[in-house]
Amino acid sequence: MAVSRLMGSLLAMLAVLSLLSSPVSATRSLGGNCGLENGFYHHSCPNVESIIFQSMIASFNKDNTVAPGVLRLAYHDCFVRGCDASVLLDGPGLVEKNSTINVGLHGFEAIDAAKEAVEEACPGVVSCSDVLQFAVRDTVILTGGQGWTVPAGRRDGKVSKESEVAANLMTSDKNVPVLLEAFQKKGLSASQMVALAGAHTIGQAACINFDDRLHGKSVDPTLPAHFAADLKKKCPIAGITSTSVNLDLVSPKKFDTQYFKNIINKLGLLTSDQSMLDDSRTSGHVDVNTDASKFNSNFASAMVAMSKIDVLTGNQGEIRRQCRFAN
Ligand code: HEM
Ligand SMILES: *[C@@H]1O[C@H](CO)[C@@H](O)[C@H](O)[C@H]1NC(C)=O
């Protein structure tokens with residue numbers, strides 16, 4: 001077990017190194033990159049990506065729930081004030097973390113550890129928003145996904161407001177028309193939204209997030225009876241936050257295409273997940289992403305697109321010294 005885990009880590013390390021060594025000029029595109037660049041830290045902090053990867057391996061081996069935790073952080077960071085690490089700030093005042101939508105967020109310690117390791121090697125050079133984006137790519141690799149080249153050069157915001165969260169991050173009782181509008185506002189397409197929703201191939205949701213399917217006027221008729229019965233056993237009354245259920249009931253820790261297969265079998269956990277099958281703008285993409293090589297490449301390019309939302313670059317923002325506090 002220990003040996004196979006070590007082998008897995010070594011293989012993943014090789015995967016990251018091969019991403020790093022891909023020729024910068026071939027993938028650098030002016031105009032489409034929002035001021036970000038592949039290989040941005042090549043001179044200023046050449047080992048940044050391997051330092052972060054080592055740190056993420058250590059955090060993941062201590063607690064493998066950091067993978068879904070950190071993956072979700074990327075979405076919640078980028079959809080509120082852009083990918084500026086505003087979700088990581090602890091204050092002052094009511095910050096994004098204080099929103100009810102964000103109460104379940106976790107994985108912050110893994111980002112702190114990665115940032116500390118980077119600060120030791122290259123003080124004051126690498127932003128928290130870039131650390132987060134590298135770390136997210138790494139967690140996908142560590143759970144069996146493919147990884148991608150992360151364009152970098154983001155700078156950190158100084159502002160985080162609780163009041164900005166609810167308008168940008170939809171709750172899971174919503175369906176495609178509402179979700180699609182929210183993604184389109186961020187410049188993401190239906191196909192990118194479906195690929196990104198594939199992140200729910202790992203991690204968990206607290207019962208309260210699917211109360212609408214179990215404890216409404218009647219049980220959601222699209223839930224297969226055995227699945228509904230099992231969920232009701234775990235979540236017998238409305239409003240439970242202390243019990244969580246795997247988002248992918250078949251392979252909850254593996255970054256694979258099972259999320260899409262579950263949806264086709266009516267075994268998506270959240271209303272938002274299952275609704276992807278019911279709208280002609282998304283259902284075809286659910287089918288496409290059951291193919292592993294298509295999902296891996298669709299997810300990679302959608303994550304890169306998401307990582308460019310409203311970024312701060314150049315002289316904007318700052319390079320935070322600690323991810324929880326503006327300098
Ligand atoms: C389509 C709109 C989305 C909705 C409505 C949604 C909603 C949710 C909800 C309600 C949870 C459960 C949280 C909890 O109980 O702690 C969750 C978990 C999660 N979400 Fe999403 N999500 C969406 C899109 C995304 C995207 C785009 C990503 C990343 C690319 C993502 C990544 C995750 C991950 C990895 C988890 C598991 C977290 C954990 O185990 O701690 N989600 N999501
Ligand atoms: C808001 O979140 C911060 C950071 O997690 C926490 O320290 C603070 O106690 C929270 N404030 C309220 C009123 O919940």
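1. A word on terms before the sites: the domain bounds used here come from an automatic or database domain assignment. With those bounds, the shell around ligand 1 takes at least three residues from each of domain 1 (3–168) and domain 2 (176–302). Please keep in mind that this is a predicted model.

2. Ligand 1 has 23 residues around it, and the closest are His106, His200, Gln204, Ala206 and Asn209. By class, this shell holds 13 nonpolar, nine polar and one charged residues. Helix 4 contributes the most, with four residues.

3. His200 sits in the loop between helix 8 (190–197) and strand 1 (204–206). An N or O atom in the His200 side chain is also 2.9 Å from a nitrogen atom of ligand 1.

4. Two further polar contacts involve oxygen atoms of ligand 1. A polar side-chain atom of His106 is 2.6 Å from an oxygen atom of the ligand, while Gln204 uses a polar backbone atom, at 2.9 Å from an oxygen atom. Helix 4 (66–78) and strand 1 are the elements that give two or more residues to this shell.

5. On to ligand 2, which is surrounded by Asp90, Leu94, Lys97 and Asn98. Its shell divides into one nonpolar, one polar and two charged residues. A polar side-chain atom of Asn98 lies 2.5 Å from an oxygen atom of ligand 2. Taken alone, ligand 2 exposes 370 Å², and the protein buries 38% of that.

Technical notes: Residues numbered from 1 in each chain as written. Chains lettered and ligands numbered in written order. Predicted model: local features only at pLDDT ≥ 70, side-chain atom pairs only at ≥ 80, totals over all residues. Heavy atoms only, no water. Near = heavy atom within 4 Å. Polar contact = N/O pair within 3.5 Å; in protein donor to acceptor, adjacent residues only side chain to side chain. Areas by Shrake-Rupley, 256 points an atom, 1.4 Å probe, with all protein chains shown as cover. Nonpolar A, V, L, I, M, F, W, Y, C, P; charged D, E, K, R; others polar.
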